[in-house]
Amino acid sequence: MTTIEIEKLNYRRNLKTILKDVSLSLEGDKIIGLLGENGAGKTTLMRLIAGTAKNASGTIAIKDDTEADTKKALVSYSNPLGGFAPNTPISKVVAFYEKVYPDFDQAKYQQLADFLQLDESLKLAALSKGTREKLVISLTLARQTSVYLLDEPFSGIDSMSRKKIINSILKWKPAEAIMIISDHYVSEIATILDEVVIIKDQTVVAHKDADEIREEFGLGIEAYYEGLYEEGVTHDEI
Amino acid sequence: MTKFSSVFGALLSGRIRRVHQVALTGLIAIVVTTAWTMISGNFDLANGDLFGIIGGWSFVVYLVLFVEMARFTERAFVSDSIRLMPLNDTKLYLANLTASMVAFLYGVLLQVLLHVVGGLLSWHAFSKTLSEMWVAHPGNYPIWVIVLSILCLMFLVLVMMWTTISLIHLVTTSISLFLPASRQKAVQVILYIFVTFVILYIAQLVFRAPTGTMSALHTTSTGAGPVLINLIWIAVVIVIESLLNVLMLKRWVETSH
């Protein structure tokens with residue numbers, strides 16, 4: 001069964017086309033890099049899959065299901081925690097997740113939090129960008145779902161935190177789930193990717209297996225990605 | 001799927017904390033005002049001064065609670081943390097509105113307790129006011145019918161004001177999706193004013209219903225029919241506004257990250 005099936009997805013916002021004619025089929029238990037420059041539409045595509053962006057045409061099915069609430073139960077999206085008051089302690093955020101997500105695994109969260117050295121007594125306002133991102137990753141991975149969406153998890157954080165987060169992803173990603181990681185700094189995530197999806201000119205211009213890129217093109221993922229952006233590839237070449 | 005009780009509990013806890021903060025601030029204001037009145041030498045417990053001070057500050061507390069609960073309700077509609085929960089928009093809408101109602105009623109209960117304390121301390125003045133109200137009550141209905149009708153009316157008007165605020169917020173947010181991104185904030189301010197004006201213009205017809213209820217209680221001699229019809233009319237408006245709000249949540253209202 002295909003895990004994510006996107007067909008003819010079009011999305012406009014504020015009289016501007018953000019995504020057009022996006023079709024994509026993802027399956028297996030892979031880590032997939034969603035790559036594209038700033039403003040390419042990576043976050044929008046993730047938000048459409050997660051169900052927080054609306055008014056798109058086309059279909060997005062998760063495990064053959066197109067109902068919004070059922071899809072939400074199958075997707076764990078790295079929520080930046082903007083809805084919580086700055087003085088909320090981490091323990092309260094964790095309690096919130098435990099209460100509202102039936103698939104939240106407290107034991108798994110604790111393992112992740114210990115591994116990433118999160119201090120639960122700290123309040124959100126006191127967290128550095130890196131620590132906040134570690135919390136977001138821990139909460140996202142502690143849910144037991146079929147799809148994990150990590151939106152730019154390494155943006156603006158130091159190399160030690162990056163390594164810790166990458167290690168936690170590799171260690172705690174469930175075996176049967178798909179994980180999509182968006183980023184525009186390809187070098188950060190290239191080594192852990194099984195497939196790449198590249199967005200350019202408001203649509204998906206490439207969906208390739210990472211090994212295929214290395215073998216067929218004799219290039220690293222970063223070079224392939226940069227080549228696509230420099231040369232220009234049309235939708236037909238996918 | 002998230003259970004209704006779970007999302008309701010999660011939404012309620014933050015609101016209850018805010019109710020405590022506002023009620024505590026109100027209590028401090030009552031203590032300070034009472035102390036100041038005593039120091040000034042103008043305080044007369046037997047004359048119901050304490051009851052008056054509590055009543056005055058309670059009005060402010062109710063006003064602040066109303067605004068705060070409206071803010072909680074509206075923020076939930078555009079919050080990633082809330083909208084990512086696996087439950088349908090109808091349940092989310094109902095849990096959100098119910099959480100605000102319950103938290104507000106809890107705030108009212110705290111104020112009623114304060115009034116009881118104030119009433120007991122100024123019993124003479126309080127009992128005199130009560131007996132005057134009892135004797136002077138107008139119309140053909142027993143006093144309990146009047147009290148119950150007024151409570152129902154206040155509750156329904158409160159809910160209608162929240163659903164109307166949601167309607168204004170969600171209509172504006174939905175329309176904004178189809179307007180140019182440039183000068184979005186300025187456009188939204190104008191849009192809010194316009195949408196508020198249009199909705200309030202339509203609502204002015206509806207707001208005649210509460211007035212009708214009050215006059216029916218005072219003057220009618222044709223039974224409880226008109227009172228009930230007016231209350232049902234407000235409930236119908238709440239249902240219609242809620243249906244529109246849920247529709248917009250499903251189709252157009254996105255989170256603001």
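Over all chains, the count comes to twelve aromatic pairs, where rings of Phe, Tyr and Trp (its six-membered ring) pair if their centres lie within 6.5 Å, and planes under 30 degrees apart count as stacked, over 60 as edge-to-face and the rest as tilted. This is a predicted model, in which local features need pLDDT of at least 70 and side-chain atom pairs count only at pLDDT 80 or more, while totals for chains, interfaces and linings use all residues. Residues are numbered from 1 along each chain as its sequence is written, chains are lettered from A in the order in which they are written, and side-chain values use heavy atoms, without hydrogens and water.

Proceed to B:Phe104 and B:Trp162. With centres 5.7 Å apart and planes at 85 degrees, this pair is edge-to-face. B:Phe104 lies in helix α4 (residues 89–121) of chain B and B:Trp162 in helix α6 (residues 143–176) of chain B, so the pair ties together parts 58 residues apart in sequence; helices here are DSSP runs (H or I, at least four residues), numbered from the N terminus.

Finally, display chain B against chain A. The contact (heavy atoms within 4.5 Å) takes 33 residues from chain B and 27 residues from chain A.

Conventions:
Helices (H or I, at least four residues) and strands (E, at least two) are DSSP runs, numbered from the N terminus.
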